[in-house]
Amino acid sequence: VEVGDSVGGPAVRQLNLPVPVTKIAEQISSLHNMMLVICLVIFVAVFGVMFYSIFKHRKSLGHKPATFHESVGVEIAWTVVPFVIVILMAWPATKTVVAMKDTSNADVTIKATGMQWKWGYDYLKGEGAGISFLSNLATPRDQDPATVKNDNYLIEVDNEVVVPVNKKIRIVTTANDVIHGWTVPAFGVKQDAIPGFVRDTWFRAEKVGTYRGNCVELCGKDHAYMPIVVKVVTDAEYTAWVDGKKKEMAAKADDPSKVWTIDELKQRGEKVYAANCVACHQANGKGVPGAFAALDGSKIVNGPKAENINIVLNGKSAMPAWKASLSDTEIAAVITYTRNSWSNKAQENIVQPAEVLAARK
Amino acid sequence: MASQNAKAPYYFVPGPSKWPMLTGMSLLVTMAGASAWVNSISWGPYVTVAGILAVLSILYYWFGDAIAESEGGLYNARIDNSYRWSMSWFIFSEVMFFAAFFGALFYARSISMPWLADLDHKVLWPDFAAAAHWGNTGPAGTIEPFTTMGPFWIPTINTALLLTSGVTLTISHHALRAGHRAQTAIWLFATIVLGAVFMGFQAYEYMHAYSDLNLKLTSGIFGSTFYMLTGFHGFHVTIGAIMLSVMLYRVLKGHFTPENHFGFEGAAWYWHFVDVVWLGLYVVVYWL
Amino acid sequence: MSSIAHDHAHDHAHDHAHDHPHGWRRWLFATNHKDIGTLYLWFSLAMLMFGGVLAMGIRAELFQPGLQLMQPEFFNQLTTMHGLIMVFGAIMPAFVGFANWMIPLQIGASDMAFARMNNFSFWLLPPAAILLAGSFLVPGGATAAGWTLYAPLSSQMGIGMDMGIFAMHIMGASSIMGSINIIVTILNMRAPGMTLMKMPMFCWTWLITAYLLIAVMPVLAGAITMTLTDRHFGTSFFNAAGGGDPVMYQHIFWFFGHPEVYIMILPAFGIVSHIVPAFARKPLFGYASMVYATSSIAILSFIVWAHHMFTTGMPVTAQLFFMYATMLISIPTGVKVFNWIATMWRGSMTFETPMLFAIGFIFVFTIGGFTGLILAVTPIDIQLQDTYYVVAHFHYVLVAGSLFTMFAGYYYWSPKWTGYMYNETRGKIHFWLSLITFNITFFPMHFLGLAGMPRRYADYPSQFADFNLLASIGAFGFGLAQVYFLFAVVIPTIRGGKKAEANPWEGAEGLEWTVPSPAPFHTFEVPPTVK
Ligand code: HEA
Ligand code: HEA
Ligand code: CUA
Ligand SMILES: [Cu+2]
């Protein structure tokens, strides 16, 4: 099946860096082209000499060996000249480094949280502050790429990050579990997301459009399946999007003091499980031996619920802490679900959101 | 030095030996056992201990061979020189091993801790800044409160002990060079005793830390660096004391001459190295 | 170091029955540097095959988009173990093998300084290899955290990770003891008259490499020990919740890791510095500046480590410092390249297989050096970090660098080892096959990286399909070329062929060529005198 260029992602048989959409990406591109040219020139010069020698100074042509074996002048020259070249290379790079690091005075600040294996986004400051959502791979994992024509195979998501054009966007990265890497090549931006720490980077996209990147730090088995998609829109479109998103969130918000029935919780929990837990603990609850614990038959899942809530909230070794990314209702639901699934028949078989809220203290 | 040794070849090269290969295989057993042990697999501890015992008993024969060669007059000044170089480089490698842990302490304390407590990190750890002095329980609040370990009095006494042991060892060395075997043995013995007392205090300090200060290996980055640094140091003191004990045995056996006793000197170098590491520890772990 | 006088009277091997053992004991209990060198070389060839088969698995899965052959978990295990096995199992032991064989012969010593410890250094490697290979079979499989074993991903692995950690402890001990042996041999056992500045380049590069090894292997041991205690004993070195920092692991690791990459290339520089003069029939140009350049590379290698960490978010001053320091390394490396070319200049060259591989090395390694320089430029690295551009860079310097010089060294010295000449036509076939398929495999990876394909991906967007296909085809070809090397070159040369003279090369110089081929079991029991 023929594949076309991805819009805002890689082109088919692309040979050089992507078309830049920010000033920084543009500078990077020209730095790279400059380096490439200088290196090529040196390369041709150096190996021109070598191949000349190889063709002319060979025994089969009867060439007799010279005996010289040092020359202070030449040696100084080929130490000093490269030194000068290196300085010429480093100078423009220095300016770009300083510009890249200046994350001050952003119009919108967005926190990007890497999780195994999806991205979470929280709009912290500027227009849209308060919005938060998860962004998952949208390509069905079971499709056969050899037969399905899709220009955005593995670089499409369900919820895109939306940002206004020509505004300084500061991205604050962090992670829940292991290190991930947030990048959008067209913006010239790449920043590791480190659990427990925040780091930042910024971009000012100059063209409306959709731009794509991938997680770029090995983060476990589904490292290849947590892409990043940023949609750059006009100011008016952005305002409209913010309004829509806020309404949507208000509609979805749960009241943690609401009391649920066990079936409601199980239903909701199944969804939470599928979206967050299944990657490690597996659909059958058996986990991955040696790497991820089984929930089916687990002592904690079948034991007192306080400990169960504690581990889901705060994590334990490979298990990440979920207190920041799941709501009380979601945590209550997923615990209730696991306590009543597979062969599990826990004594304390229902957890209400209020109990989770209480355990957060 | 011993270059007058008539029997010695130009450079003695030992013949085939089964010890190295057997030691390697025993280490395989040890490491396989240890991998199982840390994962709480039941046979792990037995296999590990069996492996270690095998390593130790093989090393006993191996070093026995080396000592016999030395006593048999096969070594000369060249070999002696080789041993000097090798011991120096070995100690250098140990220095770098400790450097990794000192580096971790420095990095955690001077770079990551202030980072975790800075303004940006309020997003993740809203309550942390106030607690960011060194020796805190970490930003997540998952670690039980503990008290840090100051320099008084055990670490200071221990410093004095180790420094004294350096002196007694030097006295012993001078005695050896002067050919006074009894003096050598007595001062060497004193050194070992000082080392043992040091270890005793260290063990007491650990118990005190665990039971009274609630300072544990799991007490966040403070506990991690504290126990790994002092623990590895203690381990090296133990090794050094074992080396010195072997030397004591060899002194009593009359293996050493005033001119030729690199075994003794090598062990002494090692002991001084362990001493210097302690001074570093004393300053950066306990004082600062 | 050109005029070498040698006392032939002492050369005939003293074959005492007790120290020239036969059968399996000869190998298991070996204390002879030549036997131990042979053991090292066979071991590393086996590991090259093992690591190569893992690479073939990687390339087979990446042949086209989608998951065809394996699950991503297993793919990550392949990538990780490929890196670990190649670095610690194939490249490093191979150079130690060369060192064992050649250093005593080159400096006129009877053996290595500590023959029994030498055997121990070797016999630590099979246990480590068994632990690594065995980790594929345990629950959870081998470690899949990348050869860099970054925390906290390394905390999620199963028992395979612990086996990997212990294996690396053992290999580290082996390297440290091996290095001590090499340094002491070089410093203490040179033949009378061979001053340091008369010493063969290979010995110089190894002297400096050994120093690097002793300085950084313990640091790696420290890093993985912290990983181990974080995993099992509740320490918080790399865990922010307890006040630690995952990035701290990276600093410690790369303090080891960057010198490590020069550990894998400096001995290669040494080998090339023998081959080029031999086949240009002209002394090495700029011997002294070669020594200074090697030392400068080693010293600089300690202050550039964070160029692997530009995207972790360092202060701007740190980014600039590490960029400048890294770029400086191209200067001494350039000096070496220029010296080799000046050695060829106005020589009288012939192009036997060792020379072909040496020239191929200079040419292709420089491409890898230039991509390294491009990566050193922080803003460009931020675009390219963790993409296939990096994979292309380091295979250019490691495969076309280290591996090609090992082939060169094999062809150059195997007459001395086996007593037979290899088949020149086959050697040339091996060279051209390797050179061409190597470039087919790894050149397209530059494009993949520039276009943004991340490394350590089991599956990728369809736009990357064509270059991946090309790379996979090239990789299979390159693999087959190495099978050819084993069966058409190595094994036949051991079995027989044209008898090799003491010095089969018209232009080769050095003490190793003054002893018969194959080198007798004992050489230089009384040292020659070097004038
Ligand atoms: C043999 C191993 C080897 C060698 C020799 C090198 C040599 C160099 N490497 Fe490479 N490198 C690796 C192995 C090696 N590297 C590996 C394994 C990785 C990846 C690790 C991982 O993440 O898994 C890596 C990654 C790596 C990175 C990080 C990339 C990333 O992850 O983002 C960088 C960045 O600076 C870098 C730079 C360099 C530089 C500047 C050199 C220089 O030493 C090159 C110097 C040589 C030349 C420049 C060419 C010859 C010079 C001239 C002809 C003179 C004239 C030239 C000029 C003045 C311009 N390397
Ligand atoms: C040190 C040396 C070294 C060497 C020699 C090689 C050799 C090869 N490597 Fe590499 N490689 C690394 C070091 C090395 N590698 C490192 C450090 C990494 C990073 C790991 C990480 O990310 O953690 C890496 C990663 C790496 C990747 C990236 C994986 C990823 O990011 O997911 C790829 C992908 O193509 C690759 C391919 C190859 C290939 C095709 C070869 C070939 O040259 C191999 C050729 C050899 C053989 C094939 C063996 C001989 C043949 C046989 C035994 C018969 C069987 C053969 C056939 C059926 C054809 N390697
Ligand atoms: Cu997330 Cu890779
Ligand atoms: Cu590096």
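The legends below describe close-up views of a predicted model, taking its chain interfaces and ligand sites in turn.

**Conventions for all views.** In this predicted model, local features need pLDDT of at least 70 and side-chain atom pairs count only at pLDDT 80 or more, whereas totals for chains, interfaces and linings use all residues. Residues are numbered from 1 along each chain as its sequence is written, chains are lettered from A and ligands numbered from 1 in the order in which they are written, and side-chain values use heavy atoms, with hydrogens and water left out.

**View 1. The annotated span of chain C.** A UniProt record, an unreviewed entry, lists residues 27–531 of chain C as "domain: Cytochrome oxidase subunit I profile"; positions from UniProt are given in the numbering used here, feature names are shortened, and annotations may be inferred rather than shown by experiment. In the model this span is 69% helix and 0% strand, and its end C-alpha atoms lie 36 Å apart. Helices (H or I, at least four residues) and strands (E, at least two) are DSSP runs, numbered from the N terminus.

**View 2. The interface of chain C and chain A.** Contact, meaning heavy atoms within 4.5 Å, involves 99 residues from chain C and 96 residues from chain A. The area buried between the two chains is about 8,200 Å², and carbon and sulfur atoms give 70% of that area; buried area is the accessible area (1.4 Å probe) that two parts lose on being put together, summed over both. On the side of chain C, the residues that lose the most area to chain A are Q156(C), Q383(C) and Q463(C), together 10% of what that side buries.

View 3. The side chains of R13(A) and D466(C) form a salt bridge, at 2.2 Å from N to O. Across the interface of chain C and chain A there are also 30 residue pairs in polar contact, both residues at pLDDT 80 or more; a polar contact is a pair of N or O atoms within 3.5 Å, where within protein one must be able to donate a hydrogen and the other to accept it, and residues adjacent in sequence count only if both atoms are side-chain atoms. Helix 13 (residues 330–344) of chain C contributes nine residues, the largest share of the side of chain C that touches chain A. That side divides into 60 nonpolar, 28 polar and 11 charged residues, where Ala, Val, Leu, Ile, Met, Phe, Trp, Tyr, Cys and Pro count as nonpolar, Asp, Glu, Lys and Arg as charged, and the others, Gly among them, as polar.

**View 4. The interface of chain C and chain B.** Chain B, which has seven helices and zero strands, places 64 residues in contact with 64 residues of chain C. The area buried between chain C and chain B is about 5,300 Å², of which 76% comes from carbon and sulfur atoms. F29(C), R116(C) and N188(C) supply 13% of the area that chain C buries against chain B, more than any other three residues. One salt bridge is found across this interface, and R116(C) forms a salt bridge with E69(B), with the closest N and O atoms 2.9 Å apart.

**View 5. The site of ligand 1.** Ligand 1 is surrounded by 31 residues, the closest being W147(C), Y262(C), D381(C), H393(C) and R455(C); a residue counts as near a molecule if one of its heavy atoms lies within 4 Å of it. Because residues from chains A and C surround ligand 1, the site is shared between chains. A polar side-chain atom of Y262(C) lies 2.6 Å from an oxygen atom of the ligand, and an N or O atom in the side chain of Q385(C) is 2.9 Å from an oxygen atom of ligand 1. Helix 14 of chain C gives the most to this shell, with eight residues.

**View 6. The site of ligand 2.** The shell around ligand 2 holds 35 residues, and R59(C), H82(C), W147(C), H395(C) and R456(C) are the closest. A polar side-chain atom of H82(C) lies 2.8 Å from a nitrogen atom of ligand 2, and a polar side-chain atom of H395(C) likewise lies 2.8 Å from a nitrogen atom of the ligand. Helix 2 of chain C provides eight residues, the largest share of this shell.

Notes:
A salt bridge is a side-chain nitrogen of Lys or Arg within 4 Å of a carboxyl oxygen of Asp or Glu.
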